[in-house]
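Please read these notes with the model open beside you. They begin with the terms and then go from the whole chain to single residues.

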Amino acid sequence: GLAKEVAPVTVDGVRADMLASDVAALMKTKPSPSVQLLPLFDPYLMGHESRDHLFERIHRPKVSRTAGWISAVVLADGRVVGTWTHATRKETLRVTVAPFARLPSKIRSEIELRAGSIAEALGLSDAKVEQVRL
């Protein structure tokens, strides 16, 4: 029913569709770097026939685990660059990041900012980020 309202686009060499009315606004948008800590079972990771556009296949067992478990992931510029877990001890959120490769300092800094935001939202006084060594 939306065939007349949809326009084909190419994203990283892959054909996709979007609302034709949004194409002009998208073309004017300048991409900005983005780092997010997505929670377990985040919809961004769900419902794809293939997740090859989000991470390399070699990392699939780290993201899509046994029994359909979807890990919490570190997302940098729309791609999964690692997984993360957390624990709360006293007034501190402790975040452990397991990167797929060495992360640039800018991404590590952004992870610390995101962890701080999560700690604040949970009413905690501090956040500590630890990175698992490769």
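1. Buried means under 20% relative accessible area, exposed means over 50%, and partly exposed is what falls in between, with a 1.4 Å probe and protein chains only. Ser 64 is buried because its relative accessible area is 17%. Arg 57 has 64% and therefore counts as exposed.

2. This is a predicted model, in which local features need pLDDT of at least 70 and side-chain atom pairs count only at pLDDT 80 or more, while totals for chains, interfaces and linings use all residues. Residues are numbered from 1 along each chain as its sequence is written, and side-chain values use heavy atoms, with hydrogens and water left out.

3. The protein has three helices and seven strands. Both kinds of element are DSSP runs numbered from the N terminus: helices are H or I with at least four residues, strands are E with at least two. Along the sequence the pattern reads β-β-α-β-α-β-β-β-α-β. Taken along the principal axes, the C-alpha atoms fill a box of roughly 55 × 35 × 30 Å.

4. Of the 134 residues, 29% count as buried. The protein exposes about 9500 Å², and carbon and sulfur atoms supply 55% of that area. Accessible areas come from the Shrake-Rupley method with a 1.4 Å probe; for residues, only the protein chains shown count as cover.

5. An open sheet of five strands has the order E3-E4-E5-E6-E7, and its pairing is mixed. The edge strands are E3 and E7 (126-131), each of which pairs on one side only. Two strands pair if DSSP finds at least two bridges between them. On average, neighbouring strands of this sheet are turned by 30° against each other, direction ignored. Axes here are lines fitted to C-alpha atoms, for helices over the stretch in contact, and angles run from 0 to 180 degrees between N-to-C directions.

6. Helix H3 (residues 105-121) packs on the sheet and touches E3, E4, E5, E6 (92-99) and E7. The direction of H3 makes about 50° with that of E3. Contact means heavy atoms within 4.5 Å. Among contacts between residues at least 6 apart in sequence, 51% join residues at least 24 apart.

7. What joins strand E3 (residues 35-38) to E4? Four bridges do, and the two strands run antiparallel. Val 35 has Ala 76 as its bridge partner in E4, and Leu 37 has Val 74. E4 also pairs with E5 (residues 79-89) in the antiparallel sense, over four bridges. There Val 74 stands opposite Gly 82. The hairpin of E4 and E5 has two residues between the strands, and Asp 77 in the turn has a positive phi of about 55°.

8. In a regular strand the side chains alternate between the two faces of the sheet. In E4 (residues 73-76), Val 73 and Leu 75 point one way, Val 74 and Ala 76 point the other way, and all are buried.

9. Two loop residues can be set side by side. Ser 64 lies in the loop between helix H2 (60-63) and E4. Not counting residues up to four places away in sequence, Ser 64 touches Arg 51, Trp 69 and Ile 70. Arg 57 lies in the loop between E3 and H2. From Arg 57 to Ser 105 the C-alpha to C-alpha distance is 25 Å, and the two are 48 residues apart in sequence.
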